[in-house]
Amino acid sequence: MTPQERTLVQESFAAVRPISDQAAAMFYDRLFTIAPEVKPLFKGDMSEQGKKLMQMLAVAVNGLTNLEAILPAVQELGRKHVDYGVTTAHYQPVGEALLWTLEQGLGDAFTAETKAAWEKTYTLLAGAMIEAAEGAKA
């Protein structure tokens with residue numbers, strides 16, 4: 001990632017943080033709309049799940065300046081998701097729901113450049129999670 005891409009992701013996420021509860025609710029509503037098959041994987045309080053999502057995103061976004069430091073936690077998250085029934089195919093609609101949520105929350109501030117930076121970030125982090133999950137299954 002370039003420094004400019006990291007800045008775009010970090011600044012846009014900072015703009016979403018004040019509405020994090022709403023953003024998380026929008027994310028899960030969108031995810032369950034486009035991928036209803038994942039809904040049964042979520043058994044707990046969705047408001048609590050939303051808080052965990054936003055906390056995890058904050059750690060990842062803040063850690064983009066030192067990816068090596070956060071990669072072990074990202075990989076562990078990928079391994080844990082295997083136990084929840086998450087498959088590689090689930091990552092695609094999650095990425096779609098994330099981008100959609102950011103677009104809704106940021107409006108005009110979600111430029112094509114910002115979207116591309118988020119796509120790159122998600123691809124990188126999801127790739128690390130998927131690789132760790134595949135290793136956990138082997």
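S12 is buried, with a relative accessible area of 6%; buried means under 20% relative accessible area, exposed over 50% and partly exposed in between, using a 1.4 Å probe and protein chains only. The model is predicted, so local features need pLDDT of at least 70 and side-chain atom pairs count only at pLDDT 80 or more, while totals for chains, interfaces and linings use all residues. Residues are numbered from 1 along each chain as its sequence is written, and side-chain values use heavy atoms, with hydrogens and water left out.

**Around S12**
- S12 lies in helix α1, which covers residues 3-16; helices (H or I, at least four residues) and strands (E, at least two) are DSSP runs, numbered from the N terminus.
- The side chains of S12 and W118 are joined by a polar contact of 2.7 Å.
- A polar contact is a pair of N or O atoms within 3.5 Å; within protein, one must be able to donate a hydrogen and the other to accept it, and residues adjacent in sequence count only if both atoms are side-chain atoms.
- The S12 side chain also reaches the backbone oxygen of V9, at 3.0 Å.
- Leaving aside residues up to four places away in sequence, S12 touches L106, T114 and W118, where contact means heavy atoms within 4.5 Å.

**The nonpolar core**
- In soluble globular proteins, nonpolar side chains tend to be buried together.
- The largest nonpolar core has 37 residues, and those with the most contacts inside it include F13, F27 and W118.
- Such a core is a set of buried Ala, Val, Leu, Ile, Met, Phe, Trp, Tyr and Cys residues joined through side-chain atoms within 4.5 Å.
- Two or more residues each come from α1, α2 (20-34), α3 (46-62), α4 (67-83), α5 (91-106) and α6 (112-137).
- Helix α6 gives the most to this core, with 7 residues.
- F27 touches L53, V94, A97, L98 and T101, not counting residues up to four places away in sequence.

**Aromatic pairs**
- Rings of Phe, Tyr and Trp (its six-membered ring) pair if their centres lie within 6.5 Å; planes under 30 degrees apart count as stacked, over 60 as edge-to-face and the rest as tilted.
- The count by this rule is 5 aromatic pairs.
- The F13 and W118 rings have centres 6.4 Å apart and planes at 50°, so this pair is tilted.
- F13 in helix α1 and W118 in helix α6 are 105 residues apart, so the pair links distant parts of the chain.
- Both F13 and W118 are buried.
- F27, Y28, F32 and F42 are linked into a cluster by ring pairs.

**L124**
- L124, in helix α6, counts as partly exposed at 36% relative accessibility.
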